[in-house]
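Visitor: Hi! I have this structure open on my screen and would like a hand finding my way around. Could we walk through a few spots together?

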Amino acid sequence: MNASNTSLTAARNGTNLWLALGLVLAAGFLALSLACGEFQSQINSDLLWPHIFLHDLFDPLHPVSGWTFGSATFWFPDYAILVPLNWLCGNSGLEYPLYTVAIYLITGATMAWALAATGVERRKAVIATFLGLDVVLLTQFLPGHAGWLWLLGIPCDHGTSVAMGFSLLALVLGAVRTGKWSRGRSITFLILLTLGLASNTLILVHWLAPIGLALAWVAWRVKNLRPVANGLFWRAAVALALAVTQRLAFALVQVFFFAKLLQYPPTPAYVWESLSRFVNNFVSGGVFSDHWLLWIMGAAGIVAAIDGLRPTQETDPVQRMALLAGLLSLFAAWAAPIATVYWVNPTSIRYLLNWLLLPGWLLALRACGNIAVERWLPKLSVLATVLAIGLALPRIEIDKLFFPRPPEAETLRDFCEHHNLHEGLADFWHTHLLTVEWRFGGPQLDNIANDFIPCFWCNNTFDYFPPASDGRSLTKPAPQFIIIDGLDLQRVLPYFTLGTVQVTHVGPYTIALLTPEQTKRAGEVITKQTMDLLQGRRADWLKSQLPPGSLR
C-alpha cells in the first residue's frame, strides 16, 4: 500500500513538473510575441533613455554623474537585467524584447514564490501562478489590451515594482508562517527593500504599506505574530533610512540630478483636479474600454479576496494576511496617483501595473486548496500551454526584435552629412529617438523645450559638449540646426536671440538652419545654462576638458 502511494505521488509530481515547465515556456513565448507586436510601434524617447544612459555609462568623455533622472531611478532590478543584455546586444535593440521575456518570467517566479509562502505546494504554486500569467498574457490578442501589458515588460517604467513587491510579500509571508525572521530571510528582505525603495517609490505605496497594514491586522488578532510584525517595521525603517541616505550621498558627492518626488503639492485643489481628470478618463472610457477583460479579472480577484476574508471563512492567518495585503495594494494603486497629483490622462495607467497580475494571484490563492478547482488545473494548464504557444509562435518575427531603420531618419542623416551639419537641437521626443535610429552615428542632437533651454530631463548634461577632434577632450556646444517639430519656434528663437532663421523641410522634418553667428550665440546660451546647473566638482571637471579660455 505504501509503495503504491509512493508511486502515485511520484507520478503526480512528475506530471506537475511537466505542466509547470510547459506553462513557463508558454509565458516566455507569449512575452516574446508581445514584444514583436509592440516594440517597434511603441518606440519613443521615453522608452529609449535607458539605452542612452547605458551608452554614456561606458563613455569616459560624458560621465553619467551629469545624468538627470525623474523621481524614480529604477536601479534594481531593471539595470541588473538590462546591463548584461545591453552588453550582449549592443545597439541592435534586441535587449528590449529579451528584457520583456526576462521580466515576465521573473515576475511569474516571484508570484509562485509568494504563493508557496502561503503554504501551497511549490510545483502547484508554479502551475497556478503561471496559468494565471499565461491567461493575462493571452489578452494581448484582444484589441487594446497589449499596450498595458507592454508597459509591465519595458525597463525603467514601474513594471519591476510588481516582481519586487511579490518578493517582499513572499519573505514576509514566510516569516509569518514560521513565526520568526530567520537570518537569511531578514538579510534578503533588508537588501531587497533598500534597493526597491532607492529605485522606485511605488514599492512603498503599492507593497510595503499594504503588507505592513495587513500584518498589523493579523498580529492584532494572533498575538504570537507581534514579534514578526515588529521585526517588519524596524527592518522597513532601516531600509527607508538607507534609501534616503543613498539619495543624500549622491547629492553630497555631486553624482546625478533627480526630479522632485512630487511635481505638484498635494493641496485639496490639486488633488480635486487630479480626481476630476481620473473620473473624466474613466467615464469617457479612456481607462476602462481598452482593457475591459483585465478589469473584469481584477474585479473577480477582489471578490475572491473579500470572500476569503469573511469572518465565517476558516482561512489560515497567513492566507488572510496575503488576501488583505493584495486588496490594500490594489486600492492603494488607485488612490496614490490621485492623492499625489500624478494622474494626468489615461497614460497614467502605468501606475496601476499591479492590477495586471495581482488579481490573478489572489484567484490562484483562493483556488489552491479547493479540491473541485484543483481537479481542473491539469486540463486548464495543457489547454493554456497549447493555446499560448499556438497563438504566439506565428507572431514572432525576427526582424521585429531590433531597432528599426526608418527611411525618413536616414534621409535626415544624409541631409546633415551633405550640408556638413554635426550638431543640432530638438525636443525630447526627437532627441533620443533619432540618436538611436542613427545608431549613434549621425549628428549630435541635444534636448531643448519651449520653456527650458537646454532641457535637463532623462539626459546627460555633459552630452551638450561634443568630443573634440582629438577624441580626448570636449568642445563648447555649437548647434547648427534645430528640428522644429514639437517646438514653438516663436518661443525658442527669442531665447537664443537668433532673429530670422532659414527654414527647410527634409522629409517629414522641419529644420531651422543657423548661421555661424547664430550657432555661436546658441552655444553660449547652452554653455551658460549647463555651467549654472553643474557648479562645484562637475563644473570644474568640465572646465578641465574644454580648451583653455573657452568659458571667458
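This is a predicted model: local features need pLDDT of at least 70, side-chain atom pairs count only at pLDDT 80 or more; totals for chains, interfaces and linings use all residues.

Visitor: Great, helices then. At what angle do helix 12 and helix 13 pack?

Guide: The angle is about 140 degrees, and the two axes are 9 Å apart. Helix 12 covers residues 292-308, while helix 13 covers residues 317-339.

Visitor: Why are they called oblique to each other?

Guide: Angles over 145 degrees count as roughly antiparallel, and 65 to 115 as roughly perpendicular. Helix 12 and helix 13 pack at about 140 degrees, so they are oblique to each other.

Visitor: Is the crossing left-handed or right-handed?

Guide: Helix 12 passes helix 13 in a left-handed crossing.

Visitor: And which residues meet there?

Guide: From helix 12 you have W295, I302, A305, I306 and G308. Across from them, helix 13 brings R320, L323, L327, L330, F331 and W334.

Visitor: Nice. Now the backbone: is the peptide bond from F76 to P77 cis or trans?

Guide: The bond from F76 to P77 is cis, with omega near 0 degrees. You'll find P77 in helix 3, which spans residues 75-89.

Visitor: What about F440?

Guide: F440 is not a glycine either, and its phi is positive at about 60 degrees. Look for F440 in the loop between helix 18 (428-437) and strand 4 (444-447). F440 is partly exposed, with a relative accessible area of 25%.

Visitor: Switching topic: where is V218?

Guide: V218 is in helix 9, residues 202-221, and it counts as buried at 3% relative accessibility.

Visitor: What does V218 touch?

Guide: Beyond its neighbours within four places in sequence, V218 is in contact with L225, P317 and M321. V218 and P317 are 99 residues apart along the chain, yet their C-alpha atoms are separated by 6.7 Å.

Visitor: And Q246, buried or exposed?

Guide: Q246 is in helix 10 and counts as buried, at 18% relative accessibility. The cut-off for buried is under 20%. The side chain of Q246 makes a polar contact of 3.1 Å with the side chain of W75. Not counting residues up to four places away in sequence, Q246 touches W75 and A198.

Visitor: Last one: where does H145 sit?

Guide: H145 is in the loop between helix 5 (122-138) and helix 6 (146-152). H145 counts as buried, with 0% relative accessibility.

Visitor: Which residues surround H145?

Guide: Setting aside neighbours within four places in sequence, H145 is in contact with T139, D290, H291, W292, L293 and L294. A polar atom of the H145 side chain also lies 3.1 Å from the backbone oxygen of P143.

Visitor: How far is H145 from W457?

Guide: Their C-alpha atoms are separated by 30 Å, and H145 and W457 are 312 residues apart along the chain.

Notes: Residues are numbered from 1 along each chain as its sequence is written. Side-chain values use heavy atoms; hydrogens and water are left out. Axes are lines fitted to C-alpha atoms, for helices over the stretch in contact, and angles run from 0 to 180 degrees between N-to-C directions. Helices (H or I, at least four residues) and strands (E, at least two) are DSSP runs, numbered from the N terminus. Angles under 35 degrees count as roughly parallel, over 145 as roughly antiparallel, 65 to 115 as roughly perpendicular and the rest as oblique. A crossing is left-handed if the near helix is turned anticlockwise from the far one by less than a right angle, and right-handed if clockwise. Contact means heavy atoms within 4.5 Å. Buried means under 20% relative accessible area, exposed over 50%, partly exposed in between (1.4 Å probe, protein chains only). A polar contact is a pair of N or O atoms within 3.5 Å; within protein, one must be able to donate a hydrogen and the other to accept it, and residues adjacent in sequence count only if both atoms are side-chain atoms.
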